[in-house]
Amino acid sequence: MAAAEKLSRSDLMTLERYAEERPSFRQRVIQHKALRRIALGPHVTLMFEDRLTIQYQIQEMLRVERIFDAAGIEEELDAYNPLIPDGQNLKATMLIEYPDVEQRKTALARMPGVEHKVWLQVDDHEQRFAIANEDLDRSNDEKTAAVHFMRFELTSEDIAALRNQSALRIGIDHPELPHTVELSPESRAALTADFG
């Protein structure tokens with residue numbers, strides 16, 4: 001499988017250029033993300049990342065933090081490049097969202113380890129559970145975090161079946177948030193493109 005090329009400084013716009021191009025670039029990214037954002041029930045969203053979504057994230061961080069020096073830019077690249085899929089996997093940001101702060105605190109306290117219960121399944125193949133938070137642990141015995149970073153490793157057979165337009169299901173096997181969804185053909189195609 002061809003690995004997606006990581007981003008480098010030369011791929012990024014200067015702050016001045018980004019200020020000019022941000023409206024059109026942002027619109028392009030919003031449209032791109034629409035097929036990559038998968039709702040798992042009313043409180044969980046998986047945002048499947050790729051090179052474009054990560055470029056946008058880095059550009060936004062540079063803009064908000066006013067980072068323009070080489071060392072600062074490299075720091076952002078080092079932080080975000082690992083979220084780009086590398087040809088054998090899908091990578092996602094998991095967001096657990098509740099509108100009320102107290103409700104969110106209570107819910108997060110009821111689901112430690114939920115990030116290890118998220119899976120995807122191609123056709124009738126084996127479920128592939130997420131490898132979560134490789135950078136640092138975001139759960140303990142008392143609660144979980146509202147944001148997790150995950151990687152789903154797929155086999156060559158899984159990828160071949162996806163290319164053959166086999167069904168793709170994503171779910172959570174946690175008693176607090178049980179949910180399964182079958183992706184639309186459009187969303188499945190968007191994620192299949194991550195395999196080159």
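Predicted model: local features only at pLDDT ≥ 70, side-chain atom pairs only at ≥ 80, totals over all residues.
1. **Aromatic pairs.** How many aromatic pairs does the structure hold? There are three. One of them joins Y18 and F25: the ring centres are 6.1 Å apart and the planes stand at 75°, so this pair is edge-to-face. Both Y18 and F25 are buried.

2. **Tilted pair.** F48 and F152 also form an aromatic pair. Their ring centres are 6.1 Å apart, with 35° between the planes.

3. Where do F48 and F152 sit? F48 belongs to strand β2, residues 44–49. F152 belongs to strand β7, residues 147–153. F48 is buried, with a relative accessible area of 0%. F152 is buried too, at 0% relative accessibility.

4. **Aromatic cluster.** Which residues make up the aromatic cluster? Y18, F25 and Y56 form it. Two of its members, Y18 and F25, are the edge-to-face pair from point 1.

5. **L52.** This residue lies in helix α2. Is L52 buried or exposed? Its relative accessibility is 12%, so L52 counts as buried; the cut-off for buried is under 20%. The C-alpha atoms of L52 and R22 are separated by 13 Å. Along the chain, L52 and R22 are 30 residues apart.

6. **Negative patch.** D69, E74, E75 and D78 form a negative surface patch. D69 sits in the loop between α2 (51–65) and α3 (70–80). D69 has 40% relative accessibility, so it counts as partly exposed.

7. **Positive phi at D123.** D123 is not a glycine, yet its phi is positive, at about 50°. Check the loop between β4 (118–122) and β5 (128–129) to find D123. With 33% relative accessibility, D123 counts as partly exposed.

8. **Positive phi at Q165.** Q165 is another residue other than glycine with a positive phi, here near 70°. Q165 is placed in the loop between α5 (156–163) and β8 (168–172). Is Q165 buried or exposed? Q165 is exposed, since its relative accessible area is 59% and exposed means over 50%.

Definitions and conventions:
Residues numbered from 1 in each chain as written. Heavy atoms only, no water. Patch = residues over 30% accessible without salt bridge, like charges linked within 9 Å, V, L, I, M, F, W, Y side chains within 5 Å. Areas by Shrake-Rupley, 256 points an atom, 1.4 Å probe, with all protein chains shown as cover. Salt bridge = Lys/Arg side-chain N within 4 Å of Asp/Glu carboxyl O. Lys, Arg positive; Asp, Glu negative; His and termini not counted. Charge placed at Lys NZ, Arg CZ, Asp CG, Glu CD. Helix = DSSP H or I, 4+ residues; strand = E, 2+ residues; numbered from the N terminus. Buried < 20%, exposed > 50% of the residue type's maximum accessible area, 1.4 Å probe, protein only. Phe/Tyr/Trp six-rings, centres within 6.5 Å; stacked < 30°, edge-to-face > 60°.
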